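Visitor: Could you walk me through this one? I'd like to know what backs up each label.

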Amino acid sequence: MICCISLMSQKQKAWASAILLLALLLVLPFLVELGLGRSWVRLLDFVLLYVMLALGLNIVVGYAGLLDLGYVAFYAVGAYTYALLASPHFGLHLPFWILLPLGAVVAGFFGVLLGAPTLRLRGDYLAIVTLGFGEIIRIFLNNLNAPVNITNGPQGVSLIDPIQIGAFDFHQTHTIGSVVISSAFNYYYLFLGMAALVVFVGLRLQDSRIGRAWAAIREDELAAAATGINTRNIKLLAFAMGASFGGLSGGLFAGFQGFVSPESFSLIESVMILCMIVLGGMGNIPGVILGAILLTVLPEALRYLGVWQMNLLGHVWVEPSDLRMLVFGVSLILVMLYRPEGLLPSRQRRRELHFADKEIKSERDS
Amino acid sequence: MDIFLQQIINGLVLGSIYALIALGYTMVYGILQLINFAHGEVTMMGAMIALAVIHALVEMQTGLPGSLILLTGMSVAILGCMALGFTIERIAYRPLRNAPRLAPLITAIGVSIVLQNVAMLIWGRQYIAFPPILPSGRHAFFGATLTDLQIFIFLLSCLVMTGLVWLTQKTRLGRAMRATAEAPQIASLMGVNVNQVIGLTFIIGSALAAVAGVMDAAYYGIAHYYMGFNLGLKAFSAAVLGGIGNLKGAMLGGLLLGLLESVGAGYIGDLTGGFLGSNYQDVFAFFVLILVLVFRPNGLLGQQVVERP
Amino acid sequence: MKHGFVRCRSFLFLVVNLIFLLTACDSSPPPATGSTAKQDAVKKVLIGSVAPMSGPQAHLGQDNSNGALLAIEDLNAQALVIGGQKIEFVLLTEDDQADPRTATIVAQKLVDEGAAGVVGHLNSGTSIPASKIYYDAGLPQVSPSATAVAYTAQGFSTAYRVMANDAQQGKVLGEFAVQKLKAISIAVIDDRSAYGQGLADEFEKVVKAAGGTLVAREFTTDKNTDFMAILTTIKGKNADLVFYAGMDAQAGPLMKQLRNLGSKAKFLGADGMQNTGFLKLAGADAEGAMASSPGMPYEVMPKGAAFRERFIARFGEIQGYAVFSYDAVNVLATAMQRADSVDPKIYAPKMRDTDLAGVSGQIRFDEKGDRLNSSVTLYEVKQGAWVALETMGGTGH
């Protein structure tokens, strides 16, 4: 077996890795259920949702270099679009293959709406304004229940239709032979497929003319404009594409959870998604995926800290849930100070960020 | 009419608190072109530290008059925040002075989160009440009610702001600060220790924030580990409204925003026929911010912000 | 894109390690059991208790859990036999962090662990999404503290609650305001949370139906401290009663600022502020404030005083809804006894005709799962402490 591997060419090794990865991803929920229990499979579903969200924000922040602190608003828009059109709230029950693209489009539209006034703004101002937009959308979602009840206010929208393809209801448990496949499994495979789509689109965008234009704007907007790039349109495109991924994830979330409320779309979520990108590796798809996995699993893992303290010390000294955000904040600072390119950066980005160091080093040595 | 006057009074008091915090933002931005996200949390720390001291003093039953207890609490808070501001600058911002724009911004967010959670770990999540040690006299004023505390806050803010203007206009340090804000390299050629000036800017800004935080806690009678976020955001909007980098602009912006929020929240229901109500109060600050940045990015008293490469 | 795939290998390695790492850890905190019976024929029946066990409401969640634990221990002391088997109840406490998302994950967990019944959740915002999961699994759920009307309005036959909901509390408050307090111009403020908004809407409806006049409807948030603007407006409309639907953290400063503005309007609230937190935050200005709370004072409850003594001896002062979680467990247990089975499929239909003499009074349910004849008590702050004024409904002494 080992000699087989060593005899393979680089390309064959790459394919083997890919197939191995695919196989692992397909059996992962079964492994997890065996080892940890079914609720962890549900966590896997959330991991995939966050992977999609992080990849969406990656387009705005990682590719185009536009710091967006209100990204969760697009998630909310997608979720509410699905919720309002597939629940008893308005009595509409549109199928998911209309609603998911619709959610993405509506979110993309909001992305353009948010992007348009901010085109002239520099990084710092842009961050604050996007933060403001995120909050505005959340406040409106929370309050549009009077005089006309559009969003049902803080009570949220419940009893959302589960996702159904024809007769296959994702919320039902199915049995194939002796294997029980619960709803969490169904959604896992659906989300896996969607996430794969998002990854694919992200990869193609990165290597396309648009991706290169984004990189140019990120580096030096003036120079980019000088080379003939329409910075306005390219920036708007970044916002729109990032937002549409957020909207897609939002729609999936609504169908999956069956209930949406403005509580789930706070500023902390936006910051969390930003953390995922920053920690994982801004602009690099595997890095972003890693960041999303780590930060979604972390709160659950931190709970064990409480159990461990209980077993070791007899009572809980520090609540693990209290530590969660502290850990995020500290890691943000540390990462920015010592490894700004993230845990799993693209080679290019690492070169960019440490270019100054190398220059100084070579000056000192010469 | 008396209701309108009351809203004006409310707005001015709220605005003076905003103004004090906005000054910190604007000073740091003027010199470093950096939005110090953590500034709101420094304000919160000032309030929490002061409250801790005040509670301790009250519990010890020292018999000291309320105003003295308040002063002690405020002094300790000011010292604490000065140290905090200096430390943040040294640890989180100085190493990143030459890094790409995104880095110090993200670090600032990280510092803000850390401060919030440290406060939560130290003082817990519940709201902390301000002990009833201050004079609570209420006076009728042309139909509106004015409390002693309101007058005190307004006067104190004016005093502090006057002091700051004097500092920047009439002292050597102030000249050095203005020079560094305009052109740091030339200033350092002229013998100004730029690092020291930056450190002092943070220290002064944090001291102002501490005063604002204590005043806020005293006025509303309550302090909370999360109070810095909204305050910081609104104060920043105020700074932008007045013209970021401009001290007088920050003061004007703060007062204006306070007035806008008070009067707006009070009358929006009537103005829009019940469609929008006071539930959109928080949205005002954001709308103001966005409008200003889109139509008049230099703010009301704005100077031309130099486009730094 | 070669480097992408090569990197995938190390990435794969990382993921696989992560899974094994997590698998190695213990799954969930050990369940609490009240008895140490070691007989082989004893069947362990899992009862889940879900509430925020960490965060700002942890003290309330702990209270719920303690109440349930007390009930479990009392039941186990009776050595019940159900369906021909000796039964031992085991309590499994889960933390939903008052977050709807966590709540659904935890609910699924309980279903998977084979729980026979659930006491929870604490908040309406978490009970509602979780109820769908319990309904899909046919698992009866009794909430000791979720007050939103929507919880039982979804048509889930497994959702119950043992205390008054917002509609019932709002009705009592509205009628009290108009008829007893004879308020003429009423102002309503809510904190834009699911709890506050639901309650305020109900209050408004009842006030209008009882012939009262609403002069202002204002809003704030559950993080705000500055209410001067909306209070000034309310003062301008000459309101003689201000009703606040929200928590003590806002109610305290609200009352203080109301008095600072020179307004003498009466201040009325609900269970969110009927606690010591409000007294601390409003200080001297709390005097005269009134609020309702579901249930009755312990002295009025049939077995209340005895329960309270036992609880304090074991866990300390009652923080919130322990009485209701105690009763909730008993509702589940007695339904099992009546059906002579611990299988949810068999005993769930029996839940509807519960008729139990609980600590908080006689417990019966209507067709939606709400408690019939639930009681609401009105309190007033007199000389710095909450004093019970009167109790509406319920079967007290």
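Guide: Start at G258(A), which takes a positive phi of about 75 degrees just after α10(A). This is a predicted model, where local features need pLDDT of at least 70, side-chain atom pairs count only at pLDDT 80 or more, and totals for chains, interfaces and linings use all residues. Residues are numbered from 1 along each chain as its sequence is written, while chains are lettered from A and ligands numbered from 1 in the order in which they are written.

Visitor: What makes a run count as a helix, and how do you know that the span of α10(A) agrees with what it should be?

Guide: Helices are DSSP runs of H or I with at least four residues, strands are E runs of at least two, and both are numbered from the N terminus. The expected span is 1.5 Å times one less than the number of residues. For the 27 residues of α10(A), 231-257, that gives 39 Å, and the end C-alpha atoms are 39 Å apart, so the two agree.

Visitor: What makes residues of chains C and B count as in contact?

Guide: Their C-beta atoms, placed from the backbone, must lie within 7 Å. By that rule, 26 residues of chain C touch 27 of chain B. On chain C's side, α8(C) gives the largest share, 6 residues.

Methods:
Contact = placed C-beta atoms within 7 Å.
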